[in-house]
Amino acid sequence: MQQIVDYIEENLHEQVTLEGLAKLANFSPFHFHRVFQAMVGESVMDYVRKRRLTRAAERLYYSGDKVIDIAFDTGFQYQESFNRSFKKLYGVSPKQYRDSNRLAGPLIGKACLDIPQLLGGNSMEPKVITKPAFHVIGFELETRNVDGQNNKDIPEFWQQYMQNSLGCRIPNPVYKNQELGICTDFNPETGEFIYLIGMEVEEGSVTPEGMVYRSIPEEEYAVFTTPKANDQTFSLTIQTTWNKIFTEWFPKTGYEHAGTTEFELYDQRCHGSEKK
């Protein structure tokens, strides 16, 4: 992954793609996207875009180069798209930035992959199981793992689910005290995915209005258990366990994410003052 960061740095003037970078890393695009985001803290293409714009901002300040030359040299094919992207990040046009005569705004440095110790996952020794196909009815949320949006959206989604007792509306669950948080329909290019809160039901169950029915095929899963937590730290332990899976566990194993469904299981251990 460090070699990929170095490659990006050396080729900011070229057209790079998620698929091309994943191929260099010998990963599938989905697995590469997830590992890169966990280790760097940015989605792949967002990182590339911010590094290009940072380099452009530095040249606007330190040099008298034409704006159009800076745009082309930092990987933008058209000055118009460069101007739009620059203004979106810095709040001003490239010309206004230069005229302000100061180096300011978000300057994103080259990623350092010295990852700090994170909470979660105990000893990162999961059980690897094959789970038969199952079926779920629940509620869906569209979100994306860009700029931490999913880490805000999903806890809020759970709050709405619990405050409105939405689980009580799910008909005839197979396990009454067991809820699932399912991530599916990933788009590595945009970071968008579907998060579903629901319960396992019998195949072919009638789906009430406003809910969705999903069939999940048989898959092999690595099963991790989060550390014990209270109400205040519960969401944090889940988020950091996910990070640890992609930054520590996956790189040390021969496994690669299949790019299909992943899910969290919440049972009786998640109730009360201490959660696990």
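**Exercise 1. Asn26**

At 66% relative accessibility, does Asn26 count as buried or exposed?

*Solution.* 
Step 1. Start with the cut-offs: buried means under 20% relative accessible area, exposed over 50%, and partly exposed in between (1.4 Å probe, protein chains only).
Step 2. Asn26 has 66% relative accessibility, so Asn26 counts as exposed.
Step 3. Asn26 lies in the loop between H2 and H3. Helices (H or I, at least four residues) and strands (E, at least two) are DSSP runs, numbered from the N terminus.
Step 4. Look at the backbone. Asn26 is not a glycine, yet its phi is positive, about 60 degrees. Most residues other than glycine have a negative phi.

A word on the source: this is a predicted model, where local features need pLDDT of at least 70, side-chain atom pairs count only at pLDDT 80 or more, and totals for chains, interfaces and linings use all residues. Residues are numbered from 1 along each chain as its sequence is written, and side-chain values use heavy atoms, with hydrogens and water left out.

**Exercise 2. The whole protein**

Describe the protein in overall numbers.

*Solution.* 
Step 1. Count the elements: the protein has nine helices and seven strands.
Step 2. Take the box along the principal axes: the C-alpha atoms fill roughly 70 × 40 × 35 Å.
Step 3. Turn to burial. Of the 276 residues, 43% are buried.

**Exercise 3. Helix H2**

Which residues of helix H2 are buried? Find what they pack against.

*Solution.* 
Step 1. H2 covers residues 18-25, and its buried residues are Leu18, Leu21, Ala22 and Ala25.
Step 2. Look down the axis of H2. The buried residues fall within an arc of 100 degrees, so they line one face of the helix. The arc is that of the directions from the helix axis to the C-beta atoms.
Step 3. Name the partners. The buried residues of H2 pack against helix H1 (2-10), helix H3 (29-40) and helix H4 (44-62). Contact means heavy atoms within 4.5 Å.

**Exercise 4. The cores**

Which residues touch the most other members of the largest nonpolar core?

*Solution.* 
Step 1. Define the term. A nonpolar core is a set of buried Ala, Val, Leu, Ile, Met, Phe, Trp, Tyr and Cys residues joined through side-chain atoms within 4.5 Å.
Step 2. The largest core has 24 residues, and Ile8, Phe32, Phe36 and Tyr47 touch the most other members.
Step 3. H1, H2, H3, H4 and helix H9 (234-252) each give two or more residues to this core. H3 gives the most, with six residues.
Step 4. Zoom in on Phe36. Leaving out residues up to four places away in sequence, Phe36 touches Met1, Val5, Ile8, Gly41, Glu42, Ser43, Val44 and Tyr47.
Step 5. There is also a second, separate core of 23 residues, including Leu141, Ile154, Phe186 and Ile238.

**Exercise 5. Helix H8**

*Solution.* 
Step 1. The expected span of a helix is 1.5 Å times one less than its number of residues.
Step 2. H8 (residues 149-163) has 15 residues and should span 21 Å; its end C-alpha atoms are 21 Å apart, which agrees.
Step 3. List the buried residues of H8: Asn150, Asp153, Ile154, Phe157, Trp158 and Tyr161. They fall within an arc of 135 degrees seen down the axis, so they line one face.
Step 4. Met162 and Gln163, on the other side of H8, are exposed.
Step 5. Find the cover. Over the buried residues of H8 lie, among others, E2, strand E3 (179-187), E4 and strand E7 (262-266).
Step 6. Asn150 counts as buried at 14% relative accessibility. Beyond its neighbours within four places in sequence, Asn150 contacts Thr143, Arg144, Asn145, Pro155 and Phe193.

**Exercise 6. Strand E2**

Which strands pair with E2?

*Solution.* 
Step 1. Two strands pair if DSSP finds at least two bridges between them.
Step 2. E2 (residues 134-144) has 11 residues, eight of them buried.
Step 3. Five bridges join E2 to strand E5 (residues 212-216), and the two run antiparallel. His135 has Ser215 as its bridge partner in E5.
Step 4. E2 also pairs with strand E4 (residues 192-201), in the antiparallel sense, over 10 bridges. Here Gly138 stands opposite Gly198.
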